[in-house]
Amino acid sequence: MPGTVETIKDTKLVEGKAVEGVLGAGKKLVTIYVMGKWYQVPAGLTITKALEYLGYRLVRGVGCRAGFCGACTTLWVKKNDYKLYSGLACQTMVEDGMYLVQIPFVPAEKRIYNIEELEPNGSVVLALYPEVTRCIGCNACTKVCPQEIQVMDTIQEIIRGNIAKAARMAFDCISCGSCSLRCPAEIKHFYVFQLVRRLYGKYIAPKAKHLEKRVKEIEERKYDGALDRLIRAGPDKWRELAEKAQKDEEVET
Amino acid sequence: MLYYPGCTVKATAIEYEKSALGILKEFGINVIELERWICCGIYHGLTVDTAYQTVAPMRNLIWAQNQAEKLSIDNNYLLTLCSMCYNTLKSAHLRYINDENIAKRIKAFLNDESLYKGNIKVIHFIQILNEIIGYDKIKEKLVNPLKGLKVVPLYGCMLLRPNEIAIDNPENPQIMQNLLHILGAETINYPYVNQCCLSYLVTKRPYLVWKRADDITNSALDKGAKLIVTTCPLCAYNLTEGQKKSFGSVKLPIFYESELIAYAIGKYEYLKKDRLNMLENILKGV
């Protein structure tokens with residue numbers, strides 16, 4: 001198996017002196033395997049950047065590049081380690097010996113419901129997603145969660161009917177689906193969590209008073225005049241206002 | 001004493017938890033709920049691959065062990081209210097300490113948790129009343145004896161089988177009747193005292209459960225019972241729903257033993273309002 005720096009010369013992407021030019025003096029290379037294929041990439045790159053460095057054009061498995069959208073779920077193993085690791089490609093640095101694959105999509109059935117007709121309790125969630133009660137407490141979901149959510153404990157809160165707590169615990173879920181791939185009970189955690197957050201938001205969480213007030217003001221057409229003035233102000237004024245807003249400065253309406 | 005609640009007493013059997021924990025407080029038992037717990041795992045004693053089903057109860061036992069160490073609780077008791085939780089946790093504990101093969105597989109799989117030392121003593125609510133508090137102490141606090149109230153006890157199967165975890169003689173249990181006599185109630189012999197309510201068949205073949213509920217209720221009604229006493233939330237659920245299916249309403253209410261104790265010692269605050277009213281109405285008719 002190749003594994004020494006000399007073999008770099010054989011690769012198409014980093015051949016000959018070009019390597020030095022790309023990396024600069026003193027930069028280290030690490031060996032990674034993408035879907036079983038051997039590559040060497042500069043240390044310090046994220047997985048996303050490493051894949052692009054290698055010439056992959058990412059169509060699926062990439063999104064916001066900022067750790068929020070959950071599109072770039074990646075699984076990997078390391079040398080001499082039996083564990084399966086998971087993380088977001090855009091947030092994880094490559095490591096020497098990483099054996100990785102990106103998960104472009106996690107198939108899961110999403111149950112259809114009308115949130116207006118539901119009651120905010122655990123039974124409603126279990127009626128829509130009865131497989132939740134198949135949890136055997138293996139904790140594989142928690143171990144694989146890139147967001148460090150206590151996934152198993154959250155599922156357990158739902159079983160005992162505490163959906164408010166579950167919604168708060170699952171707040172950081174980005175629906176990457178790693179947990180559902182690993183679950184021996186075949187629970188679709190990310191859809192279940194979406195449902196409890198919706199129930200929590202609609203029925204349990206305190207309403208945002210300032211939002212209600214602003215919506216009412218808009219409906220009463222309070223800002224129509226300001227909006228008209230803004231439309232008429234023209235591109236130069238827009239630019240000036242946009243720059244101010246970006247700096248968090250007060251903008252007069 | 002550490003306390004493992006289980007999902008049911010937090011969801012459908014809230015009146016059980018309220019009354020049971022209230023009574024323990026009255027008798028000076030300091031109950032601390034586990035800071036972390038998951039579903040007991042509803043361990044089915046006859047399933048083939050028992051190691052897999054043992055993961056959830058073992059995790060709970062390990063967390064109980066950790067918390068007992070952290071809080072320096074040296075009695076190592078783990079209180080359960082639900083019969084199913086009692087059965088699952090206790091069976092898993094016994095399997096772990098008696099079966100090397102299972103213990104080895106569990107240790108290998110649960111390497112994200114501390115090692116279980118096998119010290120946790122899973123104990124059911126009735127055992128605490130009987131063995132730790134003592135029925136005599138309950139007698140001393142009696143203010144409303146349930147004079148003339150005819151009841152049938154329903155143990156269900158989870159407290160009595162298998163034999164190794166039974167809280168009393170599986171064929172002729174007396175632990176509940178003894179307490180009911182102290183409360184002043186009259187217990188009636190009937191054939192279903194230690195019968196299974198058919199438990200989770202309710203999710204797969206509910207008609208069998210409705211039939212069983214019908215049999216138990218009719219037998220008890222024939223003998224003149226005014227209510228059924230249990231400590232198992234699953235029995236209570238199946239019997240209540242079964243009666244609704246068979247008779248259109250609940251003809252013979254199911255009460256937790258803890259609710260009767262709370263009433264008998266005059267601690268109404270541990271009873272849910274509607275349950276208290278129901279019990280008072282039954283006693284008026286006696």
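Mentor: Let us begin with a definition: a residue is buried under 20% relative accessible area, exposed over 50%, and partly exposed in between. The model before us is predicted.

Trainee: By that scale, in which class does A:Glu52 fall?

Mentor: The relative accessibility of A:Glu52 is 32%. That value lies between the limits of 20% and 50%. A:Glu52 therefore counts as partly exposed.

Trainee: Which side chain does A:Glu52 meet in a salt bridge?

Mentor: The N to O distance in this salt bridge is 2.6 Å. A:Glu52 belongs to helix H2 (residues 47–53) of chain A, while its partner lies in the loop between H2 and strand S3 (73–77), so the pair ties together parts 13 residues apart in sequence.

Trainee: How many residues apart in sequence are the parts tied together by A:Arg111 and A:Glu131?

Mentor: The side chains of A:Arg111 and A:Glu131 form a salt bridge at 3.4 Å, N to O. A:Arg111 is in the loop between strand S5 (98–102) and helix H3 (122–128) of chain A, and A:Glu131 is in the loop between H3 and helix H4 (140–144). The pair therefore ties together parts of chain A whose separation in sequence is 20 residues.

Trainee: Is A:Glu131 buried or exposed?

Mentor: A:Arg111 has a relative accessible area of 21% and is partly exposed. A:Glu131 has a relative accessibility of 11%, and the limit for burial is under 20%. A:Glu131 is therefore buried.

Trainee: Which residue is linked with A:Arg111 and A:Glu131 in a network of salt bridges?

Mentor: Side chains of opposite charge can pair when their charged atoms come close. Here A:Arg111 and A:Glu131 are linked in a network with A:Glu109.

Trainee: Where do A:Lys237 and A:Glu240 lie?

Mentor: These two residues form a salt bridge whose closest N and O atoms are 3.8 Å apart. A:Lys237 is partly exposed at 27%, and A:Glu240 is partly exposed at 36%. They are three residues apart, about one turn of the helix, and both lie in helix H11 (residues 235–246) of chain A.

Trainee: How many salt bridges are there between chain A and chain B?

Mentor: Over all chains, the search of the structure finds 25 salt bridges. Between the two chains, B:Arg36 meets A:Asp153 at 2.7 Å, N to O. The count between chain A and chain B is one.

Trainee: Which helix of chain A gives the most to the side that touches chain B?

Mentor: The contact takes 13 residues from chain A and 16 residues from chain B, and nine residue pairs are in polar contact between the chains. The helix in question contributes four residues to the side of chain A that touches chain B. It is helix H5 (residues 151–159).

Trainee: What area is buried between chain A and chain B?

Mentor: The size of an interface is often given as the accessible area lost when the parts come together. Carbon and sulfur atoms give 50% of this area. On the chain A side, A:Ile136, A:Gln156 and A:Arg160 supply 44% of what that chain buries, more than any other three residues. The area buried between the chains is about 1300 Å².

Trainee: Turning to the rings, what is the geometry of the aromatic pair of B:Tyr16 and B:Phe125?

Mentor: The ring centres are 6.3 Å apart, with 85° between the planes. Planes over 60 degrees apart count as edge-to-face. The pair is therefore edge-to-face.

Trainee: Which residue do ring pairs link into a cluster with B:Tyr16 and B:Phe125?

Mentor: The count over all chains is 10 aromatic pairs. Ring pairs link B:Tyr16 and B:Phe125 into a cluster with B:Tyr256.

Technical notes: Residues are numbered from 1 along each chain as its sequence is written. Chains are lettered from A and ligands numbered from 1 in the order in which they are written. This is a predicted model: local features need pLDDT of at least 70, side-chain atom pairs count only at pLDDT 80 or more; totals for chains, interfaces and linings use all residues. Side-chain values use heavy atoms; hydrogens and water are left out. Rings of Phe, Tyr and Trp (its six-membered ring) pair if their centres lie within 6.5 Å; planes under 30 degrees apart count as stacked, over 60 as edge-to-face and the rest as tilted. Contact means heavy atoms within 4.5 Å. Buried area is the accessible area (1.4 Å probe) that two parts lose on being put together, summed over both. A salt bridge is a side-chain nitrogen of Lys or Arg within 4 Å of a carboxyl oxygen of Asp or Glu. A polar contact is a pair of N or O atoms within 3.5 Å; within protein, one must be able to donate a hydrogen and the other to accept it, and residues adjacent in sequence count only if both atoms are side-chain atoms. Helices (H or I, at least four residues) and strands (E, at least two) are DSSP runs, numbered from the N terminus. Buried means under 20% relative accessible area, exposed over 50%, partly exposed in between (1.4 Å probe, protein chains only).
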